[in-house]
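Here are my notes on this model, in numbered points. Please read them beside the coordinates.

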Amino acid sequence: MSHMRFRSAVTPIRRSFESRRDRDMRRNQLPGVVETVLAERPSVPMHCLRPTVLTQAAERFLGLFPGQVLYAVKCNPAPAVLRALWAGGVRHFDCASAGEVRLVRQMFPDARIHFMHPVKARPAIREAWEWHGVRDFVFDSMDELAKILEETSGAFGDLGLVVRLALPKGGAVYDLSGKFGAEPDEAVRLLRAARAVAGRVGLCFHVGSQCLDPAAWERALDRVGQVIARAGVPLDILDVGGGFPVSYPDVTPPPLEDFIAAIAHGLTRLNLPAFTEVWCEPGRALVAPAQSLVVRIEGRRGDHLFINDGIYGTLSDAGVPGFRFPCRLIRAGEVAPINELVPFSFFGPTCDSADRMKGPFLLPADAREGDWIEIGQLGAYGTCLRTAFNGFDQAVMVDVSDRPLLETPGYQPVEQAA
Ligand SMILES: *Cc1c(COP(=O)(O)O)cnc(C)c1O
């Protein structure tokens with residue numbers, strides 16, 4: 001196996017050598033975003049990670065969900081993020097590529113890794129199975145089933161096979177129904193075929209990302225019920241996917257408790273045998289609030305701010321998907337001006353005219369060149385989507401300790417000791 005190295009466009013800010021004790025002391029006394037920006041005066045995008053927020057989000061999710069919580073690694077694979085989630089009790093990981101499987105295995109020899117992509121590369125299946133102890137694989141076609149069986153060389157008893165069920169378009173901001181999943185008829189066939197060749201079988205689905213409607217899970221679970229009844233195959237695994245929402249400036253979703261209650265309700269109706277394991281695969285809900293992006297204003301024209309990150313960088317979701325994010329202005333040399341907040345649009349740094357973000361993003365009316373903007377809720381699908389387009393691939397990363405710009409509904413922040 002060749003040893004390819006991961007290349008990351010986001011590098012931690014280097015500090016001169018520090019002992020473990022110094023590092024722990026520093027972590028206990030981490031500054032907030034504003035102090036960090038004023039001290040570092042970053043000229044490239046700066047990713048501010050709140051490890052405590054991550055760890056608490058993981059603890060909260062694990063405490064509420066009645067089953068195993070698999071973190072969807074694609075959403076933010078930064079090692080610091082994975083470590084903070086591990087500290088919060090996450091032991092299961094939803095991976096979709098050989099790269100993600102290797103990364104998680106390298107970091108956590110004891111992690112349970114699940115290969116949840118319905119169409120995998122053959123060498124990736126073989127490597128995951130032979131080298132990294134991956135036992136559960138998702139599929140949504142007979143072709144993929146044959147592929148998994150060939151690459152795991154008739155593993156049988158050890159093998160877990162999970163059928164991805166297609167869902168009709170539902171209440172999610174990001175619809176994920178277009179690409180993967182077997183229709184119920186096909187799912188029945190696949191489940192029966194899997195039963196004959198695997199030690200454990202299951203069903204999974206994904207309601208779509210940032211799904212605001214708890215009833216979407218109940219509808220999906222009813223569909224699961226129809227498939228189980230027709231297949232006559234008891235499930236070892238039922239995976240209710242990800243899609244749990246977070247707050248944005250124009251959206252306050254119901255609290256996580258409501259989604260868990262809807263899932264519990266749907267599960268009750270299914271009357272599953274006691275041995276069925278229930279899984280979920282949250283991404284966004286675990287990590288979005290824990291990371292901010294700090295950008296610098298390079299120029300202003302009316303209500304357009306030219307900033308040093310954009311849709312080819314960390315702000316992909318602010319482009320075509322039109323997400324709005326909470327913002328805060330940070331200015332050097334004086335206390336940030338407290339004047340009227342007005343709506344702005346952002347222009348990214350690349351020369352592509354598509355590199356614009358409509359917003360509106362609310363900032364003080366006198367925002368100007370040289371100011372920084374903290375943009376919140378960017379822990380998910382931000383850093384990991386950066387490209388090197390047009391030479392704007394540099395960014396730095398620091399840990400901070402202040403609260404996120406938006407709180408999570410239903411979550412009571414733990415008082416920080418003074
Ligand atoms: C992306 C993805 C997730 C995570 O979705 P979120 O909306 O971030 O919670 C979970 N499972 C699968 C299969 C995915 O593709």
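1. A polar contact here is a pair of N or O atoms within 3.5 Å; within protein, one must be able to donate a hydrogen and the other to accept it, and residues adjacent in sequence count only if both atoms are side-chain atoms. Lys 74 places a polar side-chain atom 2.7 Å from an oxygen atom of the ligand. For Tyr 381, the distance from a side-chain N or O atom to a ligand oxygen is 2.6 Å. For His 206, the corresponding distance is 3.1 Å.

2. Some ground rules. The model is predicted: local features need pLDDT of at least 70, side-chain atom pairs count only at pLDDT 80 or more, and totals for chains, interfaces and linings use all residues. Residues are numbered from 1 along each chain as its sequence is written, and side-chain values use heavy atoms, with hydrogens and water left out.

3. The structure holds 16 aromatic pairs. Rings of Phe, Tyr and Trp (its six-membered ring) pair if their centres lie within 6.5 Å; planes under 30 degrees apart are stacked, over 60 edge-to-face, the rest tilted. Phe 93 and Phe 108 are stacked, because their centres are 5.6 Å apart and their planes meet at 15°. Phe 93 sits in strand E4 (residues 92-95) and Phe 108 in the loop between helix H5 (98-107) and strand E5 (112-115), so the pair ties together parts 15 residues apart in sequence. Helices (H or I, at least four residues) and strands (E, at least two) are DSSP runs, numbered from the N terminus.

4. Trp 217 belongs to helix H9 (residues 215-231). Phe 244 lies in the loop between strand E11 (237-239) and helix H10 (256-270), 27 residues apart from Trp 217. Trp 217 and Phe 244 are buried. Ring pairs link both into a cluster with Phe 61, Phe 65 and Phe 259.

Definitions and conventions. Buried < 20%, exposed > 50% of the residue type's maximum accessible area, 1.4 Å probe, protein only.
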